[in-house]
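Visitor: I would like to learn how to read a structure of this kind with some care. Could we go through it feature by feature?

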Amino acid sequence: MAKKSFSNDLLRDLHSESLLTDIVPQVEETTTLSALNIIELDRLSLCESVIEKGLNTFVEVGNALFEIRNNKLYRDKFTTFEGYCRDRWNLKRQRAYELMDAAAVVNTLSEISDKNEQDSQVSIIVPTKESHAAALSKVPEEFRSEVWEKALEKNQSSGKVITAKMIDNIAKGLENNVIEVSPEIVERKGLVKQIREKVKKAKLDQILVEIKGDFLIENDLVSVWQSLNQDSSEITETYKAYISLGQAEELGLIRKA
């Protein structure tokens, strides 16, 4: 598998959403001091052991910091995540968010690589240097995978070492070649994305597919359809029937994602 193996299987159950922070908050989020339960104490101890082993393992450290921030595991002694990073690890706020963003890039590319592998496509090598991941975190998400693949191709074809500057130049070249998209199209893509995400989680009987009579008639499937559904009613061109996603998948009308 292409995905990095995290020590102690840390964060195996995390992050359906992206870890990218986009920008560092200008104002520290204040949390009320409160005791952690046994599970939270265990998670905090595990996360801190990862951080303590060395800040050079940026992916594991970034993921550990994300879990501590996301679940407010610092709240038994600190009111802000930034204060926790500063006093516990001598990490400035900007540095902590850089680590989380770099880790998020590697996580995303690892997922893409794993999916390619499952689909019998060529998997990609994920970044192992923080400088590469940091440079990619500044690239718009829709271009990130392509930029990294082009950087790998350039390294293999010319032998040139991949640098943050190379990644930046490739990204600028891609962005300059992109046709300007209207705000309406951007908005539509966003709306479609929201629906697609929910459809993935829908039960097979929650969304229906319409079968029309003219389709059955044109393809000589009237008797087949009647036998399949044990339905003796007359089927004309105005006939309509609805089947679930599960039935549509069984009939080959849709493919399971």
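Guide: Let us begin with aromatic rings, where rings of Phe, Tyr and Trp count as a pair if their centres lie within 6.5 Å. In this predicted model, ring pairs link Tyr74, Phe78, Phe81, Tyr84 and Tyr97 into a cluster.

Visitor: How many aromatic pairs does the structure hold, and how is a pair of rings described?

Guide: A pair of aromatic rings is described by the distance of the centres and the angle of the planes. The structure holds five aromatic pairs. One of them joins Tyr74 and Phe81, whose centres are 6.1 Å apart with 55° between the planes, a tilted arrangement. Tyr74 and Phe81 are both buried.

Visitor: Which residue lies over the face of Trp89?

Guide: Arg88 does, at 4.1 Å from the ring centre.

Visitor: Before I go on, where in the chain is confidence highest, and where is it lowest?

Guide: Where pLDDT is low, the predicted coordinates should not be read in detail. The chain has a mean pLDDT of 79, with 82% of its residues at 70 or more. Confidence is highest in H3, at 93, and lowest in helix H11, residues 245–250, at a mean of 73. Over residues 1–23 pLDDT stays under 50, and for that stretch the model has 56 contacts beyond four places in sequence.

Visitor: Which residues touch the most other members of the largest nonpolar core?

Guide: This core has 45 residues, and those touching the most other members are Leu65, Ile68, Phe81, Tyr84, Val147, Trp148 and Ile167. The elements giving two or more residues to the core are H1, H2, H3, H4, H5, H6 and helix H7 (164–177). H4 gives the most, with eight residues. Taking Val147 as an example, and leaving aside neighbours within four places in sequence, its contacts are Leu136, Val139, Ile167, Ile170, Ala171 and Leu174. Another core, of eight residues, lies apart from the largest one and has Leu216, Tyr239, Ala241 and Ala248 among its members.

Visitor: Is helix H2 mostly covered or mostly exposed, and what do its buried residues pack against?

Guide: H2 is mostly covered, with eleven of its 13 residues buried; among these are Phe58, Leu65, Phe66 and Ile68. The buried residues of H2 pack against helix H1 (38–53), helix H3 (81–89), helix H4 (93–118) and helix H5 (130–137). As for its length, H2 (residues 58–70) reaches 18 Å from its first C-alpha to its last, close to the 18 Å expected at 1.5 Å a residue.

Visitor: Finally, why does Glu149 count as partly exposed?

Guide: Glu149 is placed in helix H6 (residues 141–158), and it counts as partly exposed because its relative accessibility is 28%, whereas a buried residue would be under 20%. Glu149 and Val126 are 23 residues apart in sequence, and their C-alpha atoms are 9.5 Å apart in space.

Notes. Residues numbered from 1 in each chain as written. Predicted model: local features only at pLDDT ≥ 70, side-chain atom pairs only at ≥ 80, totals over all residues. Heavy atoms only, no water. Helix = DSSP H or I, 4+ residues; strand = E, 2+ residues; numbered from the N terminus. Buried < 20%, exposed > 50% of the residue type's maximum accessible area, 1.4 Å probe, protein only. Expected span 1.5 Å × (residues − 1). Contact = heavy atoms within 4.5 Å. pLDDT = per-residue confidence, 0-100. Core = buried A, V, L, I, M, F, W, Y, C linked by side-chain atoms within 4.5 Å. Phe/Tyr/Trp six-rings, centres within 6.5 Å; stacked < 30°, edge-to-face > 60°. Lys NZ or Arg CZ within 6 Å of the ring centre and 35° of its normal.
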